[in-house]
2 protein chains.
Amino acid sequence: MAKIVFLGSGNVATHLARALVKKGHKVLQVYSRTKQNARLLAAELDAGFTNDPLKLNTGGDIYIISLKDNALAEVAKKINFGKKLTVHTSGSVSMNVLKEVSENYGVFYPMQTFSKQRKIELAGIPFLIEANNSRNEKLLVEMAAALTGKANVYRMNSEERKVLHVAAVFVNNFPNHLFAIAEEILSKNRLPFGILKPLISETIRKIMDNSPARMQTGPAKRGDKKIIDEHLKFLDSYPEYKKIYRLISKSIADNQNVKRNL
Amino acid sequence: MAKIVFLGSGNVATHLARALVKKGHKVLQVYSRTKQNARLLAAELDAGFTNDPLKLNTGGDIYIISLKDNALAEVAKKINFGKKLTVHTSGSVSMNVLKEVSENYGVFYPMQTFSKQRKIELAGIPFLIEANNSRNEKLLVEMAAALTGKANVYRMNSEERKVLHVAAVFVNNFPNHLFAIAEEILSKNRLPFGILKPLISETIRKIMDNSPARMQTGPAKRGDKKIIDEHLKFLDSYPEYKKIYRLISKSIADNQNVKRNL
């Protein structure tokens, strides 16, 4: 079992730290620039706390950096971890930002959407692992496998991880924002968002065993210009959402034409 | 139990007709401009078939029009249904298109995404009902309640139904297209779409009991310009998807600012 120092106390750090402690690892210390949340997390984990990068506990086996990506770059400039295994948990940051920071480094990226308020089982979540040598890789793969199960651990280089992160934004952040738009439009018209939930559930069920491209429906796919125009007119009072409606509808229609021309 | 004539043989007509027959209703006839699919559906339902609007069976109790919205307008011009209860199944078309068509008319709109290949349980799906008088409304509400359960039948006027249909496009058609984009990007980079499925599932679980606006995560929400720029650069080879990425990210950031300023 490893002694771990966490740099960061956001959503990813919180969920990872909790899960690692559950599996018997020991969190020695939580570092964070902001005190309040970080202290709570440290207390919960029975770990030390610091907001001074120069006071990092040097007794750790692994240093896990879960900071916003610009903060990560700053920390990487300031601290040298010597030979200590140092990993970050970011989808889009290259492993090489840690090159100057430690002789042993890698990436430990859980591909999931974390919100502090929600409990999340890490079991079944894809972990993307990268390391500077095979010994470190093996260590990280084992640590991830204990959390999520062997079948869900993937060795991916920084380029592949970035592609997956872009795709993750398209399937998580963006759909969630579209749900928020729908909620706002309904709420302004005194209609309940809940009425859409069966439709949302089926949208997801469909793509669990079918290609999304083949599951497309709706006015843009049918080329139903009359309906699209009516929707755009309704959206006059929501100019930003109107732009989104127009652009995605065009993209759906374009994909449709590509297929028709094949 | 009602004798029903269906105009249309697409996804909605197919699923509705099957479900109504299961509940003991009789489909007398299927009308469609195109022969092949319509004949298959008619055969399956043990119903007659015609592609001539002048040969519609006049013995029906209810005429259900599930045509593309422009075809609906055409048929409405050509046929007079006299006193026969005539309904359409469209989210965005006003009930009044049926005003000149029959003395008894209404709307029978199941808010779900139908694909022919998929079996769908209508139980639990919201049905939006509208009618020109309370007798017809009662009849349609009862017919819908038998399919989906009383709690899922909503009386909604044409304006409300249109707002819901716009929202439905935002929570179903558009997210599905974003899934298709992710699938395409991954496939072009030889990465498996399946790896995203746990993330997609959690995206939906989160909003089943939380407001989507509060569940937003990701680089646009965090204001992580560095990551956003890297993603945009990666998307150079996908110009249309790049535009979508930029526009939705901006919208997420804008909503974020609105909240911060509150």
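**Note on a predicted two-chain model**

1. In chain B, helix α1 (residues 11-22) and helix α2 (residues 36-45) have axes that come within 11 Å and cross at roughly 10°. Because angles under 35 degrees count as roughly parallel, α1(B) is described as roughly parallel to α2(B). The residues that meet are B:T14, B:A17, B:R18 and B:V21 on the side of α1(B), and B:L41, B:E44 and B:L45 on the side of α2(B). Sorted by class, this contact of α1(B) with α2(B) holds four nonpolar, one polar and two charged residues.

2. The corresponding pair in chain A can be read next. Helix α1 (residues 11-22) of chain A and α2(A) have axes that come within 11 Å and cross at roughly 10°, and α1(A) and α2(A) are therefore roughly parallel to each other. Here A:T14, A:A17, A:R18 and A:V21 of α1(A) meet A:L41, A:E44 and A:L45 of α2(A). The class count for the contact of α1(A) with α2(A) is four nonpolar, one polar and two charged residues.

3. As for chain A as a whole, there are 10 helices and eight strands, and the C-alpha atoms fill a box of roughly 65 × 45 × 30 Å when taken along the principal axes. Chain A has 262 residues, of which 58% count as buried. Among the contacts in chain A between residues at least 6 apart in sequence, 51% join residues that are at least 24 apart.

4. A:D46, which lies in the loop between α2 (36-45) and β3 (48-50) of chain A, has a phi near 60°, a positive value in a residue other than glycine. A:R190, placed in the loop between α5 (158-188) and α6 (197-208) of chain A, has a phi near 55°, again a positive value in a residue other than glycine. Are these residues buried or exposed? A:D46 has 61% relative accessibility and so counts as exposed, while A:R190, at 80% relative accessibility, also counts as exposed.

5. Turning to the sheet of chain B, eight strands form an open sheet with mixed pairing, in the order β3-β2-β1-β4-β5-β6-β7-β8. The edges are formed by β3 (48-50) and β8 (153-155) of chain B, each of which pairs on one side only. Neighbouring strands of this sheet are turned by 25° against each other on average, with direction ignored.

6. Within that sheet, strand β5 of chain B can be followed on both sides. Strand β4 (residues 62-65) of chain B runs parallel to β5(B) and is joined to it by four bridges, with B:Y63 standing opposite B:T86 of β5(B). Strand β6 (residues 105-110) of chain B also runs parallel to β5 (residues 85-88) of chain B, and three bridges join these two strands; in β6(B), the bridge partner of B:T86 is B:Y105. Which way do the residues of β5(B) point? B:L85 and B:V87 point one way from the strand and B:T86 and B:H88 the other way, and all are buried.

7. Helix α5 (residues 158-188) of chain B packs on the sheet, where it touches β5, β6, β7 (127-131) and β8 of chain B, and its direction makes about 155° with that of β7(B). A helix of the other chain also meets α5(B): helix α9 (residues 225-234) of chain A packs with α5(B) at an angle of about 100°, with their axes 10 Å apart. Because angles of 65 to 115 degrees count as roughly perpendicular, α9(A) is roughly perpendicular to α5(B). From α9(A) the contact draws on A:I227, A:E230, A:H231 and A:F234, and from α5(B) on B:K162, B:V163, B:H165, B:V166 and B:V169. By class, the contact of α9(A) with α5(B) has five nonpolar, two polar and two charged residues.

8. What does B:L7 touch, leaving aside residues up to four places away in sequence? The residues touched by B:L7 are B:Y31, B:L56, B:Y63, B:I64, B:I65, B:S66, B:L67, B:V75, B:I79 and B:F81. One of these, B:Y63, is the residue that stands opposite B:T86 in β5(B).

Notes:
Residues are numbered from 1 along each chain as its sequence is written. Chains are lettered from A and ligands numbered from 1 in the order in which they are written. This is a predicted model: local features need pLDDT of at least 70, side-chain atom pairs count only at pLDDT 80 or more; totals for chains, interfaces and linings use all residues. Side-chain values use heavy atoms; hydrogens and water are left out. Two strands pair if DSSP finds at least two bridges between them. Axes are lines fitted to C-alpha atoms, for helices over the stretch in contact, and angles run from 0 to 180 degrees between N-to-C directions. Contact means heavy atoms within 4.5 Å. Angles under 35 degrees count as roughly parallel, over 145 as roughly antiparallel, 65 to 115 as roughly perpendicular and the rest as oblique. Ala, Val, Leu, Ile, Met, Phe, Trp, Tyr, Cys and Pro count as nonpolar, Asp, Glu, Lys and Arg as charged, and the others, Gly among them, as polar. Buried means under 20% relative accessible area, exposed over 50%, partly exposed in between (1.4 Å probe, protein chains only).
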